Amino acid sequence: MLPSKALLPAVVFALAALQALASTTFMAAVYEHAVILPDASQGPVSPSHALALMNKNMDVLEGAIKEAAQQGAHIIVTPEDGIYGWRFTRESIYPYLEDIPDPEVNWIPCTDPSRFSPAPVQERLSCMARNNSIYVVANIGDKKPCDSSDPDCPRDGRYQYNTDVVFDAQGKLVARYHKYNLFRGETQFNYPKEPEAVTFETPFGKFGIFTCFDILFYEPAVVLVSKRQVDTVLFPTAWMNVLPFLTAIEFHSAWAMGMRVNLLSANTHNTSMAMTGDGLFTPGGPAAYHYDSATEEGRLLLAELSTHPRLSPTYPPAINWSLYATSIKKFPGENDTFSGAVRKDIFTFRELRHKDGNYTVCQGDLCCHLVYQMSNKRKDEVYVLGAFDGLHGSLIRYHWQICSLLKCPSTNLSTCGQPVETAQTKFEMFSLSGTFGTSYVFPEVLYSEVQLAPGEFEVLRDGRLKSKHGTSKPLITATLFGRLYEKDQPHPLRISP
């Protein structure tokens, strides 16, 4: 006897779950979405007008979700702001928000849409997941009423949150995360009173989730990995690329390697805002990535990942990031250093004047050591070794320690630290290390035209970032990016008056 149509999604999900349980890998997908934006008007629109825009974006996302499911994906992550964009004030975003319940209510919006207050976006996302038997991760807005009994209640009587939701392959709401570290322009949202460490179990591993700017902070990003022991992090983002250290693909890949987990990074795509770059990143490097600053098209990526990377025989060992650098004397070399700005951060630089050499440069408590050999020392290209040990940011200030071998835009040393995307110089070898005061260090290697270097470098257990067999493409930067979370300044918006 054939199962009824009503039972088919449950049967398909059960079979998929059994298959996933028997496997040590799963198929993951991310979609970089060119978001259809609302008009730049500052005033609020009607709920029907807001839903019409969101349905246009969800039409595109649904196509990507169907394609991912047809290719065997178990889960797909879509971007931050992917359903309604970002041109909002606190008042104008309100018609786009829904009341998102706690997942403990055990709710499938697709089959029971009237159980809570009207939630057409949640209903549609739930149906996308259920009809395609795939986990769907999306970013939407949550609204929660409050009153005078809450001393922190905003004047308009509601909290508004930048929110990630996860629906399982049956369409059930299984996770809800409120973004804690809001970027400086997100004045339309509130942050939760306490950071949330959201995890959920699947047949193919334990997952955690956070959003965009969160990745640079201890809570929730490090907590999920170090304390909650997740296998994979879901990461909706609207990342504006900033060379030389914070392009989406280089930093997100480096974060996955430094934290030794899978990271599913789904970015919005908007070239005028320098938003592009997503990928499926693993402890060993990128499984798939995409960076496109030339077109306005979205992009679906899929890759097979380990369900439990810590159990893999190739799982990278823990790194003592300062062991090598603190065990040696300073390398010989020129003593002349100079200062240069990477955005507003003042680095200490030393020019690499020869085809090969040993160099040291120090700032604060950080000394950076470099051994290198260029394939050819070009007269029209300048590289420097740089060190930075200090607070980054204007409003929100957090502590970085950075060692970087990087190309300057020109032979004028005053340009060193400014963005550059192309290079001509290849290196036969490089070895970079530093006296880091933190165990949270992220290794980055970026090639000309903003390309990663999967499989072409390694990090030794003593903290050296080394090329394996030279660089196959010209090098923009090789960087060890450290975060001293304990030296961060208090968040200015969370300090009681």
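**Exercises on a predicted protein model**

Strands E6 and E7 form a hairpin with two residues between them; helices (H or I, at least four residues) and strands (E, at least two) are DSSP runs, numbered from the N terminus. The model is predicted: local features need pLDDT of at least 70, side-chain atom pairs count only at pLDDT 80 or more, and totals for chains, interfaces and linings use all residues. Residues are numbered from 1 along each chain as its sequence is written, and side-chain values use heavy atoms, with hydrogens and water left out.

**Exercise 1. Confidence**

Task: State the average pLDDT of the protein chain and find where pLDDT stays under 50.

Solution: 
- Step 1. pLDDT is the predictor's confidence in each residue, from 0 to 100.
- Step 2. The protein chain averages 94, and 94% of the residues score at least 70.
- Step 3. Residues 1-6 keep a pLDDT under 50. Where pLDDT is low, the predicted coordinates should not be read in detail.

**Exercise 2. The hairpins**

Task: Describe how E6 pairs with E7, and how E4 pairs with E5.

Solution: 
- Step 1. Two strands pair if DSSP finds at least two bridges between them.
- Step 2. E6 and E7 are joined by five bridges in the antiparallel sense, and Phe200 stands opposite Phe207 in E7.
- Step 3. Strand E4 (residues 158-167) and E5 are also antiparallel, over five bridges. Here Val165 faces Arg176 in E5.
- Step 4. The hairpin of E4 and E5 has five residues between the strands, and Gly171 takes a positive phi near 90° in it.

**Exercise 3. Covered and uncovered faces**

Task: Determine which residues of E6 lie on the covered face and which on the uncovered one.

Solution: 
- Step 1. In a regular strand the side chains alternate between the two faces of the sheet.
- Step 2. In E6 the covered face holds Val198, Phe200 and Thr202, while Thr199 and Glu201 form the uncovered one.
- Step 3. Buried means under 20% relative accessible area, exposed over 50%, and partly exposed in between (1.4 Å probe, protein chains only). E5 is mostly covered, with five of its six residues buried.
- Step 4. Helix H4 (residues 218-226) has buried residues, including Pro220 and Leu224. The buried residues of H4 pack against E5, E6, strand E7 (205-209), strand E8 (232-237) and helix H5 (248-259).

**Exercise 4. The annotated residues**

Task: Locate the residues that UniProt lists for "active site", and describe the surroundings of Lys179.

Solution: 
- Step 1. The unreviewed UniProt entry lists Glu80, Lys179 and Cys212 for "active site". UniProt positions are given in the numbering used here, feature names are shortened, and annotations may be inferred rather than shown by experiment.
- Step 2. Although spread over 133 residues of sequence, these residues cluster in space, with a largest C-alpha distance of 10.4 Å.
- Step 3. Lys179 lies in the loop between strand E5 (173-178) and strand E6 (198-202). With a relative accessible area of 1%, Lys179 is buried.
- Step 4. Contact means heavy atoms within 4.5 Å. Not counting residues up to four places away in sequence, Lys179 touches several residues, among them Glu80, Asn162, Tyr191 and Cys212.
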